[in-house]
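Hi there,

Here is the structure I promised to pass on to you. Have a look at it first, and then read on for what I found in it.

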Amino acid sequence: MNSDSIDSANSPESAEQPFHVIEPVKGVFSIDWQELWHYRELFWFLVWRDVLVRYKQTVLGAAWAVLQPLSTMVVLTLFFGRLAKIPSDGLPYPLFSYAGLLLWTFFSSALNFAARSLVSNQNVVTKLYFPRVIMPAAPVIGGLLDLAIAAVLMFVLMAIYGFYPTIRVITLPVMVTIAFVATLGVGLFLAAMNVKYRDFRFVVPFLTQFWMFVSPVAYPATLIPEKWRLLYYLNPMAGAIEGFRWALLGAQTNPWPGMALSAVSAVVVLLLGLAYFQKTHRFFADVI
């Protein structure tokens, strides 16, 4: 090899390798949708993995998705329906409570998984680059499968009590969407907070327990005094649950004003959660 070829091999031009510079998206509400589409296979892998891990090496498998709201319904029916005589908008209390628990169980379960998602996968977060938002979003999507499984028993109970779906059932996706948007928004916020403050994982169970009692799961929203009703429906789960009962069981209440307010509240919660997540996600790998 002559000197010219050696100089050519050692030249800066020949040593350069192609590389890609990752830059943060500007704006707290901005999302690189093209990048999300590029990582769509990873996203669906995470969704499927969360579903498999949830029921792996369990005796009852997917039946846990039914047993959790069913067992809670039995307890609520005994203490709130039979002993406390809580009204149920003219519906059989088991149906009333189970309908509320369907959305609530989805919300609380998906929220707990989303809040722990980044910390539970810290080895992946610190070693690989991917849009961080897909990590807490995956268990929320996976929770919809649990909701669908638990809904099968809902229709069985409806048949037992002589309730059958009406044309209102076509509005069910609206109620589920409100719950989904609220869950995703709170999940993004809690996931980001859990990275920075590890003791925040103790706050999540308390938060979901408290949130259940300020949502119309065990009681109807009509028990709330009229002057406080507007404030009450700022809870996005309040309108979603009331609307869910109206669409599925034909409750006589008019859920649309409260549901509209809860829908707006859910969108606000999503935007705030996304804003905080986008503001802090670039530091996750450093502090997790």
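A residue counts as buried when its relative accessible area is under 20%, and as exposed when that area is over 50%. Phenylalanine 277 has a relative accessibility of 0%, so it counts as buried. Please keep in mind throughout that this is a predicted model.

Phenylalanine 277 sits in helix α13, which covers residues 256-280. Leaving aside residues up to four places away in sequence, phenylalanine 277 touches Leu118, Arg132, Val133, Pro136, Leu188, Ala192 and Phe284. Phenylalanine 277 also pairs a separation of 92 residues in sequence from glycine 185 with a C-alpha to C-alpha distance of 9.5 Å.

Now for the overall picture. Of its 288 residues, 47% count as buried. Taking the contacts between residues at least 6 apart in sequence, 80% join residues that are at least 24 apart. The protein exposes about 15,800 Å², and carbon and sulfur atoms supply 68% of that area.

The residues in the contact of α6 with α8 divide into 22 nonpolar, two polar and no charged.

Next come α9 (residues 172-196) and α12 (residues 236-249), whose axes come within 9 Å and cross at roughly 160 degrees. α9 and α12 are therefore roughly antiparallel to each other, and α9 passes α12 in a left-handed crossing. On the α9 side, the contact is made by Leu172, Met175, Val176, Ile178, Ala179 and Ala182. From α12 come Pro236, Met237, Ala240, Gly243, Phe244, Trp246, Ala247 and Leu248. By class, the contact of α9 with α12 has 13 nonpolar residues, one polar and no charged.

The axes of α9 and α13 come within 8 Å and cross at roughly 30 degrees. Angles under 35 degrees count as roughly parallel, and α9 and α13 are therefore roughly parallel to each other. The crossing of α9 and α13 is left-handed. Their contact has 21 nonpolar, four polar and no charged residues.

Finally, two backbone details in one loop. Lysine 85 is exposed, because its relative accessible area is 61%. Aspartate 89 lies in the loop between α5 and α6 as well, and its phi is also near 55 degrees.

Best wishes

How values were computed. Residues are numbered from 1 along each chain as its sequence is written. This is a predicted model: local features need pLDDT of at least 70, side-chain atom pairs count only at pLDDT 80 or more; totals for chains, interfaces and linings use all residues. Side-chain values use heavy atoms; hydrogens and water are left out. Ala, Val, Leu, Ile, Met, Phe, Trp, Tyr, Cys and Pro count as nonpolar, Asp, Glu, Lys and Arg as charged, and the others, Gly among them, as polar. Buried means under 20% relative accessible area, exposed over 50%, partly exposed in between (1.4 Å probe, protein chains only). Contact means heavy atoms within 4.5 Å. Accessible areas come from the Shrake-Rupley method with a 1.4 Å probe; for residues, only the protein chains shown count as cover. Helices (H or I, at least four residues) and strands (E, at least two) are DSSP runs, numbered from the N terminus. Axes are lines fitted to C-alpha atoms, for helices over the stretch in contact, and angles run from 0 to 180 degrees between N-to-C directions. Angles under 35 degrees count as roughly parallel, over 145 as roughly antiparallel, 65 to 115 as roughly perpendicular and the rest as oblique. A crossing is left-handed if the near helix is turned anticlockwise from the far one by less than a right angle, and right-handed if clockwise.
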